[in-house]
Structure formats: C-alpha cells, structure tokens
Amino acid sequence: MLVKFEEHFKKSMSDPEFAKRWEESQVYFRLAEKFHEKRNELDLTIQQLAERCNVTEEVIEDVEFANFEILDIKILEKIAKSLEMDIGDLIKAISQNLRLK
C-alpha cells in the first residue's frame, strides 16, 4: 500500500522528537536559502564568492545545500560578511520567523 508523503509527514510531526528536529533543520535550510538568494542578488558565481571568502567552491556548495554540520561558525561568518550580511542577525530573524508560524 502506498502512503502519500503528506500523510506520512503529518503522522511523523505528531512525534515530539521528530517535530523538534524538523524545526531545527528548518533554520539550516532557511539560512542556506538566504545565502543563495543574496549571492544571486549580488550576481556572484559560486567561484567568485569562494574567492572572496578564501574558501573552496565546495564550502560554498555545502553552505547552499545546508550542510552546516561540517562547517565552522567562523567560515559562515566570513561568507555572510562577504555577502554583506550579519550571521547573528540572520539566524535570529529566521528563528523568530519560524516560531511565528
């Protein structure tokens, strides 16, 4: 029997541990989305941003794919600064926005 993703997701969200992990992951995904949007807004390629930050293109890709577990906060701060963003303010705004939903 096939179960639709939406049904499975709703059932999973009734588990408090799953719901907590899901909410935490949304911060990562929103942060990745904001980095990607800002890079495009500034008309920068991944290579150009990597050069600005003195990191590899793979690091920028990790950020844009929300693979933050392997990255140091200093690298995220450096990337945010290169994108004319403040990482602390950005994380706070995203977190507050998620709580309002």
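**Close-up 1. Aspartate 43 in the loop between helix 2 and helix 3 (46–53)**. Aspartate 43 belongs to the loop that joins these helices in this predicted model; helices are DSSP runs of H or I with at least four residues, numbered from the N terminus. Its phi is near 55°, a positive value in a residue other than glycine. With a relative accessible area of 66%, aspartate 43 is exposed (exposed means over 50%, buried under 20%, and partly exposed in between, with a 1.4 Å probe and protein chains only).

**Close-up 2. Glutamate 84 in the loop between helix 5 (73–82) and helix 6 (87–100)**. Phi of glutamate 84 is near 65°, again a positive value in a residue other than glycine. Glutamate 84 counts as exposed because its relative accessibility is 58%.

**Close-up 3. Lysine 38 in helix 2 (residues 16–41)**. Lysine 38 counts as buried, at 16% relative accessibility. Leaving aside residues up to four places away in sequence, lysine 38 touches Leu83, Glu84 and Met85, where contact means heavy atoms within 4.5 Å.

**Close-up 4. Glutamate 57 in helix 4**. The relative accessible area of glutamate 57 is 35%, so this residue is partly exposed.

**Notes.** Residues are numbered from 1 along each chain as its sequence is written, and side-chain values use heavy atoms, with hydrogens and water left out. The model is predicted: local features need pLDDT of at least 70 and side-chain atom pairs count only at pLDDT 80 or more, whereas totals for chains, interfaces and linings use all residues.

How values were computed: Helices (H or I, at least four residues) and strands (E, at least two) are DSSP runs, numbered from the N terminus.
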